[in-house]
Amino acid sequence: MAFHWVFVVLFFVTYQLCCFAAEGAVSSNVHIVYMGDRQHDEPHLVENSHHELLSGILESKEAASESILYSYKHGFSGFAAVLSRSQAKTIAGLPGVLSVIPNSILHLHTTRSWDFLHVNHLNGGILVKSRSGSGSIIGVLDSGIWPESESFKDDEMEPVPSRWKGKCQVGEEFDHSKCNGKIIGARWYVKGYKAELGELITENGTEFMSPRDASGHGTHTSSIAAGSLVKNVSFLGLGHGMARGGAPSARLAMYKVCWATGGCSSADLLAALDDAIHDGVDVISMSLGLAPPLSSYFNDVVSVGSFHAVASGIPVICSGGNSGPFPETVVNTAPWMITVAASTIDRAFPVALTIGNNQTFVGQSLFVSKDLDKFYPIVYGEDIAATGADEDDARSCASGSLNATLAKGKVILCFESRSQRFVSTAESSVHEVEGVGIVFARFLTKEVSLCLEVPCAQVDFTIGTSILSYIASTRNPVIKYNSPKTAVGQQVSPNVALFSSRGPSSLSPSVLKPDIAAPGVNILASWSAAQAAQPYDDIKKNKLSPFHFKFESGTSMACPHVSAIVALIKAIHPKWSPAAIKSALITTALSTDEYGQPAVAEGSPYKQADPFDYGGGHIDPNKAIDPGLIYDTDTGDYTRFLCAMGYNVSSITPFTRTKTACPKTTNFLANFNLPSVTIPELKRGVTVSRTVTNVGSVSSVYVARIKAPPGTHVIVEPGILKFCSKVKKIKFKVTFWPNLSVQGAYSFGSLVWDDGFHHVRIPLIARSVLEEY
């Protein structure tokens with residue numbers, strides 16, 4: 001296995017010396033043929049073997065010599081050559097060839113998520129066609145903004161759109177000069193909070209009575225959505241390179257409704273939504289929500305306020321919650337909003353852990369102190385349980401569970417448990433007893449928790465168990481951390497994140513939620529300097545640079561990714577309704593990873609992802625600008641939805657601002673024109689209808705391709721849709737029959753309308769139930 005270590009070492013050395021990162025694999029004529037360790041000691045013999053291998057494929061030595069760009073013949077064996085896809089595929093099947101890797105373009109390292117989504121200027125796609133979102137205004141409802149961050153500079157930005165009606169509201173440490181061509185509006189709302197929880201503590205930068213962000217959350221989400229290009233960004237030496245938002249030329253309007261010490265008041269939130277609609281934002285982004293259980297749309301100000309925004313033509317994007325991987329935990333489930341799940345990207349932060357017998361394991365870490373680059377004693381949490389502490393608590397390093405005398409100066413091995421899942425809790429516990437580090441064994445996940453009080457490394461249970469065995473078999477066990485690295489393209493993505501909340505919606509199971517998945521794991525973006533260890537007075541005296549960046553994970557980070565993409569789509573298609581944009585995102589989303597394999601959802605255990613994990617799938621921005629067909633809805637449809645949900649006319653009428661008469665039909669929920677079909681109770685044959693609108697070529701012909709949910713039989717009528725200048729909308733029917741006569745679980749399929757170029761896919765979901773149970 002020596003060739004693997006040679007390859008890994010060379011990979012990390014390249015990153016460390018050059019600070020380069022490979023962009024996501026692109027279509028390339030150049031391929032790297034990796035053959036592992038050298039079979040010959042003489043380099044020229046290794047090179048000859050490469051030519052011989054390629055000559056057999058290209059049928060001449062001359063052609064092979066012209067094709068080969070490099071022969072890797074010293075540290076390991078392989079070569080780079082100009083090859084067609086079919087030639088590369090043939091070579092990949094030859095004996096001695098370990099892998100054939102498409103060439104990748106190297107750039108200075110970015111926040112990665114946008115390059116992973118191919119939202120860049122290299123492919124003439126969504127970023128180019130939208131002029132980077134120029135003219136779009138994204139309203140962010142969050143914890144405020146840190147205006148000095150370079151992510152919010154307004155260099156070379158066009159004048160503020162004349163239609164903008166918002167304002168720059170002054171307050172503590174925030175005057176009119178803090179707004180500019182990027183931050184064109186800033187408001188703050190505290191009346192509801194103060195009435196509920198009392199006065200806020202604002203000493204020494206713990207909070208600001210102004211739009212200024214003390215917690216960092218709003219700064220982070222804002223810079224993800226529309227941050228300007230910033231060079232030389234890193235966090236503790238990781239992720240070094242450039243950072244930018246998804247719509248770097250879009251404007252930001254911050255509505256501070258959340259406070260560092262106690263969350264967000266519903267009253268304040270609704271006031272902010274009201275102002276945002278008035279001010280003229282094009283998109284509303286909210287990384288917040290009520291926790292389950294959900295009792296009523298009318299009791300949820302996010303649903304209420306977003307309904308009015310959507311009725312005014314403003315798409316509303318919300319986070320789906322961080323209560324995964326448990327089912328029925330998704331929040332923000334109203335059908336008029338876009339609800340976002342969190343997925344991973346292909347970046348990792350490997351750290352090598354060496355134990356006293358010279359055995360080395362690889363975990364992940366966002367920070368390991370240089371002081372730990374030497375051997376320290378390591379102990380198992382359960383072995384140093386505090387007097388009277390539960391052994392299970394000590395095993396997971398729960399609060400107050402460790403013996404301070406036995407833990408001081410040592411690295412602590414902790415295991416995640418059902419009652420203690422969080423690295424942050426273990427970090428605090430170990431810090432309290434003056435431990436010097438943590439090795440935290442947990443369920444497999446690509447999320448890397450940030451530790452600042454005590455350096456930590458995250459490993460899976462297998463590695464954790466190996467280290468535990470070493471501790472048990474050694475009189476004086478020791479461990480050493482090496483510095484973590486940044487690695488791109490070394491892990492399969494996207495996966496649905498472990499923490500991302502799952503469907504079905506507990507309030508309206510016939511409405512598929514979440515709608516879409518986007519990057520939300522280990523996202524590097526701007527942060528509030530008020531969160532630095534130094535006092536805020538030192539920041540004002542320029543003793544600390546305010547230009548901070550930080551890694552964060554959550555559906556809060558996934559939400560602004562979608563908000564940015566919606567802003568770009570709206571810049572390209574200004575007349576599209578919020579429902580049309582939502583449909584375009586869902587029907588073009590990916591259900592596979594970057595290698596074409598079925599996407600995975602992190603959990604216990606991992607499983608193949610389904611629509612309750614990611615809705616339509618993982619977002620594909622460049623395809624969403626040309627979906628071919630859309631499933632459109634309007635305010636009238638949402639009104640009928642509320643009627644079908646059982647709300648009475650007297651409650652709906654003030655909600656919709658129109659005189660409402662609920663229709664007598666009882667099957668509107670099934671026929672609601674969503675880009676999905678969900679049947680929670682399939683007892684006998686059921687027929688539902690949908691209507692698609694052609695937004696592609698005027699003359700188009702689409703053929704239905706059906707993948708029936710297991711346990712059902714599905715027919716689509718008509719099976720062919722023909723559009724022309726006079727026919728832009730077509731209604732079709734989908735009929736389900738249960739093949740099971742027993743109570744079943746949800747099963748998943750799909751319907752794809754295919755014209756040879758567009759593949760308009762919607763999920764089909766059904767659960768068979770007994771008529772009498």
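Val 562 touches Ile 317, Ile 338, Val 340, Ile 516, Ala 518, Leu 585 and Ile 619, when residues up to four places away in sequence are not counted, contact here meaning heavy atoms within 4.5 Å. The structure is a predicted model, in which local features need pLDDT of at least 70 and side-chain atom pairs count only at pLDDT 80 or more, while totals for chains, interfaces and linings use all residues. Residues are numbered from 1 along each chain as its sequence is written, and side-chain values use heavy atoms, with hydrogens and water left out.

**Nonpolar cores**

Together with Ile 569 and Leu 585, Val 562 touches the most other members of the largest nonpolar core, which has 53 residues. Helix α16 (residues 555–572) gives the most to this core, with 10 residues. Such a core is a set of buried Ala, Val, Leu, Ile, Met, Phe, Trp, Tyr and Cys residues joined through side-chain atoms within 4.5 Å; buried means under 20% relative accessible area, exposed means over 50%, and partly exposed lies in between, for a 1.4 Å probe and protein chains only. Helices (H or I, at least four residues) and strands (E, at least two) are DSSP runs numbered from the N terminus. In soluble globular proteins, nonpolar side chains tend to be buried together.

**Aromatic rings**

The structure holds 19 aromatic pairs, a pair being rings of Phe, Tyr and Trp (its six-membered ring) with centres within 6.5 Å, where planes under 30 degrees apart count as stacked, over 60 as edge-to-face and the rest as tilted. One of them is the edge-to-face pair of Tyr 380 and Phe 415, with 5.9 Å centre to centre and 80° between the planes. This pair links distant parts of the chain, since Tyr 380 belongs to strand β20 (residues 376–380) and Phe 415 to strand β21 (residues 411–415), 35 residues apart. Both Tyr 380 and Phe 415 are buried.

Tyr 638 and Phe 672 also form an edge-to-face pair, with 6.0 Å centre to centre and 85° between the planes. Here too distant parts of the chain are linked, with Tyr 638 in helix α20 (residues 635–644) and Phe 672 in the loop between α22 (668–671) and β32 (677–682), 34 residues apart. Tyr 638 is buried at a relative accessible area of 4%, and Phe 672 counts as buried at 1%. Both rings belong to a cluster in which ring pairs link Phe 307, Trp 336, Tyr 638, Phe 641, Phe 668 and Phe 672.

Charged side chains also sit over rings, which requires NZ of Lys or CZ of Arg within 6 Å of the ring centre and within 35 degrees of the ring normal. Arg 212 lies over the face of Trp 146, at 4.5 Å from the ring centre, and Arg 767 lies over the face of Tyr 746, at 5.3 Å from the ring centre.

**Cysteines**

A search of the whole structure finds five disulfides, each a pair of cysteine sulfur atoms within 2.5 Å. Counting bonded cysteines along the chain, the disulfides follow the pattern 1-2, 3-4, 5-6, 7-8, 9-10. The table lists some of them.

| Disulfide | S to S | Angle about the S-S bond | Handedness |
|---|---|---|---|
| Cys 168 and Cys 179 | 2.1 Å | 90° | right-handed |
| Cys 258 and Cys 264 | 2.0 Å | 95° | right-handed |
| Cys 451 and Cys 456 | 2.0 Å | 95° | right-handed |

Cys 168 and Cys 179 both lie in the loop between β7 (137–142) and β8 (183–188), so their link ties together parts that are 11 residues apart in sequence. Cys 168 and Cys 179 are buried, as are Cys 451 and Cys 456. For the remaining pair in the table, Cys 258 counts as buried at 10% relative accessibility, whereas Cys 264 is partly exposed, with a relative accessible area of 37%.

Cys 318 is in no disulfide, and the nearest cysteine sulfur, that of Cys 559, is 6.1 Å away. For Cys 559, the closest cysteine sulfur is that of Cys 318, and the 6.1 Å between them is too far for a bond. Cys 318 is buried, with a relative accessible area of 0%, and Cys 559 is likewise buried at 0%.
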